[in-house]
Amino acid sequence: MTVNRMILNETSYFGKGAIKKFANEAKKRGFKKALVVTDKDLLKFEVATKVTAILDEAGLSYDIFDGIVPNPSIEDVKAGVKACQTAGADYIVVIGGGSPIDTAKAIGIITTNPEFSDVISLEGVADTKNPALPILAVPTTSGTAAEVTINYVITDKANQRKFVCVDPRDIPVAAFVDSDMMMGMPKGLCASTGMDALTHAIEGYITKDAWEMTDMLHIKAIEIISHTLRDSVAGNQAAREKMALGQYIADMGFSNVGLGLVHGMAHPLSAWYNTPHGVACATLLPLIMDFNKEYTGEKYRDIAVAMGVEGAYDMSLSEVRDAAVQAVKQLGIDVGIPQKLTEIGMKEADVSKVSEDALRDVCTPGNPRDATVDEISALIDTVSNERILS
């Protein structure tokens with residue numbers, strides 16, 4: 001009998017104004033001083049300051065580390081660890097999307113497990129002994145839901161690759177999922193992070209380790225995201241609030257069962273070309289869905305139904321699989337996602353190396369269909385020339 005595991009964070013608050021619960025949560029936990037982890041733009045455009053104002057009003061002490069960049073590197077993490085030590089912080093407040101939250105997780109883990117200070121040794125499932133320094137997370141994008149996952153991704157610049165860390169001890173102790181904090185997202189970021197969330201839901205639904213509880217989460221997430229992403233990209237706050245919930249539900253599931261080849265290929269693309277992770281995932285998703293379709297049973301029918309594909313119940317299995325792929329592709333087109341890898345920097349000379357990196361990625365073994373390096377190279381060629389269902 002298979003034993004399935006579910007790990008979630010302790011506490012989350014949802015809805016417009018959720019950050020108002022922040023000070024009470026910090027005080028009841030007895031925290032004394034925070035390291036606020038964010039990026040310069042979120043401070044400049046007064047998004048992060050919505051949270052620091054709450055800390056100020058409550059008399060809670062903090063230092064700020066704003067050295068976060070997209071696709072954070074080993075060096076960025078080390079700088080954050082040093083800032084945490086200098087601050088004497090006993091908890092971390094992280095404000096931002098996947099990059100700040102991923103960095104905060106690494107900072108928190110290394111602070112309490114200094115034997116991993118090289119960062120690279122955290123790759124995969126590291127044998128950490130102590131929970132991370134407590135993290136309170138305030139997401140500002142509706143896509144990665146890193147505030148509820150046990151995963152984080154760091155870039156190894158020296159070797160031009162990304163590596164995934166999986167550690168139940170890194171999960172934030174509390175999250176504040178507030179649509180007010182997400183209204184500053186530009187349309188492109190809203191689209192790419194939203195499609196990343198859809199990728200989490202779909203890959204989590206069809207991954208080899210999927211089971212009933214995660215299926216329940218993923219199919220609901222697919223429904224929410226596919227019906228609200230267009231309006232969210234258009235700037236509708238109610239839609240952004242629903243997207244914030246949809247991405248969170250998706251990641252409750254995938255964090256416990258893993259992903260697949262979309263993420264396996266997206267990670268090296270981001271490392272090689274500094275491509276935003278959500279863009280890489282969104283561009284690849286329809287292609288990899290098509291590659292996987294014969295290995296998914298009736299699950300693409302469920303996806304098609306959740307996305308509102310007309311007549312999905314009555315289609316043949318072959319028809320409904322293609323319809324599900326087409327629905328995902330059309331959603332990407334509607335929100336402005338590039339349809340060719342060449343649009344995001346892919347070079348023919350790099351295909352072999354990117355394919356090899358994708359095959360080795362920790363997410364790839366979860367794919368429902370096993371892939372060879374030659375098959376991955378062929379997939380890159382296909383999506384580079386946009387021949388999938390076009």
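Buried means under 20% relative accessible area. The legends below describe close-up views of a predicted model.

**View 1. Strand 4 and its two parallel neighbours.** Strand 4 covers residues 91-96, and six of its six residues are buried, so the strand is largely enclosed by the rest of the structure. Tyr91, Val93 and Ile95 point one way from strand 4, while Ile92, Val94 and Gly96 point the other way. Strand 2 (residues 33-37) runs parallel to strand 4 and is joined to it by four bridges. One of the residues involved is alanine 34, whose bridge partner in strand 4 is tyrosine 91. Strand 5 (residues 135-139) also pairs with strand 4 in the parallel sense, over five bridges. Here glycine 96 has proline 139 of strand 5 as its bridge partner. Between strand 4 and strand 5 the chain passes through helix 5 (residues 98-112), giving a right-handed β-α-β crossover.

**View 2. A salt bridge between aspartate 180 and lysine 16.** The closest N and O atoms of aspartate 180 and lysine 16 are 2.9 Å apart. Aspartate 180 is in the loop between strand 8 (174-177) and helix 6 (187-206), and lysine 16 is in the loop between strand 1 (11-14) and helix 1 (22-28), so the pair ties together parts that are 164 residues apart in sequence. Aspartate 180 is partly exposed, at 24% relative accessibility, and lysine 16 is exposed, at 55%. The count of salt bridges in the model comes to 20.

**View 3. A salt-bridge network around arginine 29.** Glu10, Glu25, Lys28 and Arg29 are linked in a network of salt bridges. Arginine 29 is partly exposed at 25% relative accessibility, whereas glutamate 25 is buried, with a relative accessible area of 1%.

**View 4. Lysine 33 and aspartate 63 in a salt bridge.** The side chains of lysine 33 and aspartate 63 meet at 3.4 Å, N to O. Lysine 33 belongs to strand 2 and aspartate 63 to strand 3 (residues 61-65), and the two are 30 residues apart. Aspartate 63 counts as partly exposed, with 30% relative accessibility.

**View 5. Nonpolar cores.** The largest nonpolar core has 72 residues, and those with the most contacts inside it are Met195, Leu198, Met265, Leu284 and Ile303. Helix 10 (residues 277-292) supplies the largest share of this core, ten residues. Beyond its neighbours within four places in sequence, isoleucine 303 is in contact with Ile202, Tyr205, Ile206, Ile219, Ile222 and Ala324. Another core, of 31 residues, lies apart from the largest one and has Phe65, Ala87, Val94 and Ile109 among its members.

**View 6. Aromatic pairs involving strand 1.** The model has four aromatic pairs. Tyrosine 13 and phenylalanine 176 are stacked, at 5.3 Å centre to centre with 10° between the planes. Tyrosine 13 is in strand 1 and phenylalanine 176 in strand 8, 163 residues apart. Tyrosine 13 is partly exposed, with a relative accessible area of 21%, and phenylalanine 176 is buried, at 0%. The rings of phenylalanine 14 and tyrosine 248 have centres 4.7 Å apart and planes at 90°, so this pair is edge-to-face. Phenylalanine 14 lies in strand 1 and tyrosine 248 in helix 8 (residues 237-257), so the pair ties together parts that are 234 residues apart in sequence. Phenylalanine 14 is partly exposed at 43% relative accessibility, whereas tyrosine 248 is buried at 4%. Tyr13, Phe22 and Phe176 form one aromatic cluster.

Terms used:
Residues numbered from 1 in each chain as written. Predicted model: local features only at pLDDT ≥ 70, side-chain atom pairs only at ≥ 80, totals over all residues. Heavy atoms only, no water. Buried < 20%, exposed > 50% of the residue type's maximum accessible area, 1.4 Å probe, protein only. Pairing = 2+ DSSP bridges. Right-handed = clockwise from strand over helix to strand, strands pointing away. Salt bridge = Lys/Arg side-chain N within 4 Å of Asp/Glu carboxyl O. Core = buried A, V, L, I, M, F, W, Y, C linked by side-chain atoms within 4.5 Å. Contact = heavy atoms within 4.5 Å. Phe/Tyr/Trp six-rings, centres within 6.5 Å; stacked < 30°, edge-to-face > 60°.
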